[in-house]
Amino acid sequence: MEPEFTPKTSVMEALTEIALNMRWSWNHAADQLWSQLDPELWELTRNPWAMLQTVSQEKLMKLTSDERFQASIKEILKRKMGREQSASWFERTYSQPPFTKVAYFCMEFMLNDALPIYSGGLGNVAGDQLKAASDLGVPIVGVGLLYQVGYFRQHIDAEGRQQALYPFNDPGQLPIRPVRYANGEWLRISIELPGFRLWLRAWEVDAGRVKLYLLDTNDLANLPEYRGITSELYGGGPEVRISQEQVLGIGGWKLLRALGIRPEVCHLNEGHAAFAVLERARDLMEEEHLSFEAALTITRAGNLFTTHTPVEAGFDRFAPSLMEQHFRHYAQDALHIPIDELLALGRQNPKDASEPFSMALLAMRGSGAVNGVSRLHGSVSRHLFQNIFPRWPEKEVPIGYVTNGVHVPIWDSDAADQLWTEACGKQRWDSDLKKIAEDIRRVPDARLWYMRTASRKTLVDYIRRRITRQIAGQGASDEEIGTVEKIFDPETLTLGFARRFATYKRPNLLLKDPDRLLAILTNKTHPVQLVIAGKAHPQDTQGQLMIQQWIEFIRHSPARSQVVFLSDYDMRMTEQLVQGVDVWLNTPRRPWEACGTSGMKVLVNGGLNLSELDGWWAEAYTPEVGWALGDGSEHGDDPAFDAADAEQLYTLLETQVIPEFYKRDESGIPVGWIHRMRESMARLTPAFSATRCVREYTEKHYLPLAAAYLRRSADAHGTSRSLLNWQHHLAEHWSSLRFGEMQVLTEENEHCFHVQVCLEGMDPDAIQVELYADAPGDGEPVRHLMVRGEPLVGENAVSYLAFIPADRPATDFTPRIIPSHTEAFVPLEAAQILWHG
């Protein structure tokens, strides 16, 4: 079916439809259309919707009357219709959809610079997962906040100091629309804050098949001091932060209900959104006339909490007085519980009235599953939360992991996209990811090197344009601007370092020995060039000083044509850097980088990683795909270890990275380098893609959580009542449980354990008795279920028996009692445990 235009206004309607669906940010079929409207404006903004608001009506009418322009629009719409009519991965895999909707809550989303409501890594993950969900057809809806100024923009002044700027986000220039009822009325909802009602405006963003809904407080009905609650991302003090998180969690859930959306799964991407746990339960209380305890038992089964925080200080905490101010009436009037009961959900010690309220603990206690964002981060998180599960082994703290991934079509260069299309087809990320690795390994060395060289040249051109604008804004002379054409060389090994400037990320590790760095950069036969970018939080003076140190090094260095600092690091700059650099550097202190996705973005472009063994690189690294810093252990902020890491970094560059890049065959191709490139692209690009990540979330969490939620919601809530009765029974009788006599016999190749358990009123069906042994090394603990025997005559006790192979000493095993219920998440919902001895 061919799209047809009748009056010319329908062409404008088609352009509007294309401009307001942010799929254009990862599908570039319409780029030429926008460039025709105004090439310079398109190059500067890459915002189709803003261009439609800016270009003159005369020019629009002229272009939309052009038959070739119309034909291009028709082709784009035809492809869009084809995508919408074709079965997605989710539809092909699940002919009977196991759930209808996942609500994805996050404080920030990085879809594109045209919608600047992000700061960095968290928003990047959220945005890339929404895009992958669109490609895969996973029914996700995003919920976030619309910020009037968002995160700050960076300017480096003439003295090399960072200046924070806050340009206004004009909603009329953003690719968003007000959410309206059928009668045209703007959808507005309200939440209660201390002493007043706060009105929230609802906006919608189209991102392919996925919707993202945003709330803001800049409503005329609000008092001036409250209209700015959603002004700035991560700005203001605790009062602003708790209000923002109420808007996100409570307001976000209310918005979904106002839209008629009833998600089975609520994905809390970081603890900021944890108040949604309360509002979801309150909503069910009202609908089904349940107590808060009963409602939470049902709804938590459908909640997933993803933590991104590797250090305890990173969790949001609010003072008890602030929580009481904001939630006393909500607890009493909406949840019908005392405020102390609500506060207990966010405390390690529920009885400690002085303990601050932790959003992470609320999210954990209100969810059916919890995960970190890399294998190492899962382990770090289990350590951080172990105190919540006293006497449970750290490996059994109920936190798993789903390693982040990046939405590959966003981050590949034109040259890389062409190569991957030739090798794997245009729809490669919607198909078998294993086949991609096989296909890319067949690409010839010369073709890979051509792609890498072309991408590097594009980066050099970008850096020169960017530096020209940057120094002109600092008041540079015409002579200084003229020297920019001598900056960087398209044939030189190019290193990149770009991220937030914070002490734990050690952005100045390369400056430990400035003379040695200078020697590396200015080597006559094997030169190196380095591009650096990053922001420091406006309150982080140490981070800002580290930026200034780099600026000083560059300005007073003989290598100033080979090292640059690009100001105002944003998503578009990231695209340019990850597409063009040969090696991506990452130097955090382990284990303070939960995952880190910037290094994943270079993979599709043939870039290689030289990184600390932290975050994703700790599970991705092998010698065939890149280089590793550190010894895989934690050393805190020990200066001696920083010095050792700097020494290792210099040595790796001098003895491995640089020689391998410049070692060429008779055709001028670095064969060893290309081999490493190919393996990195084949092994890591699919494995660390958002496609794999969203599939894993779907299969590992969304499906089982949706099923558990539906079971607890069904049968007149019979399952949830059974769980509540079980929990109450455990609370009443657990303290009386005790072990009796134990016997261990070893015969031939088998240990026989026989142990008595004194129940003291405990229902034996409410518990299970196991033999437990720690795993050697990094393996999983060994657990053997003991078989319950007959009650002992004349005693309130039961015997338990187990036969296990004698391949380990019997002393390795200890009997223990843990709660047991077929529908319970243990120990997440019942953390009791009793050990023998």
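The questions and answers below concern a pair of helices and then a sheet.

Guide: This is a predicted model, in which local features need pLDDT of at least 70 and side-chain atom pairs count only at pLDDT 80 or more, while totals for chains, interfaces and linings use all residues. Residues are numbered from 1 along each chain as its sequence is written, and side-chain values use heavy atoms, without hydrogens and water.

Visitor: Are α11 and α13 roughly parallel or roughly antiparallel to each other?

Guide: Helices (H or I, at least four residues) and strands (E, at least two) are DSSP runs, numbered from the N terminus. Axes are lines fitted to C-alpha atoms, for helices over the stretch in contact, with angles from 0 to 180 degrees between N-to-C directions. The axes of α11 (residues 275-288) and α13 (residues 320-335) come within 11 Å and cross at roughly 20 degrees. Angles under 35 degrees count as roughly parallel, over 145 as roughly antiparallel, 65 to 115 as roughly perpendicular and the rest as oblique, and therefore α11 and α13 are roughly parallel.

Visitor: Which strands stand at the edges, each with a single partner strand?

Guide: Two strands pair if DSSP finds at least two bridges between them. Four strands form an open antiparallel sheet, in the order β21-β22-β26-β25. One side of each edge strand is left without a neighbour in the sheet, so the edges are β21 (738-747) and β25 (787-791).

Visitor: Which residue in β22 is the bridge partner of Glu 747?

Guide: Strands β21 and β22 (residues 750-758) run antiparallel and are joined by eight bridges. In β22, the partner of Glu 747 is Glu 750.
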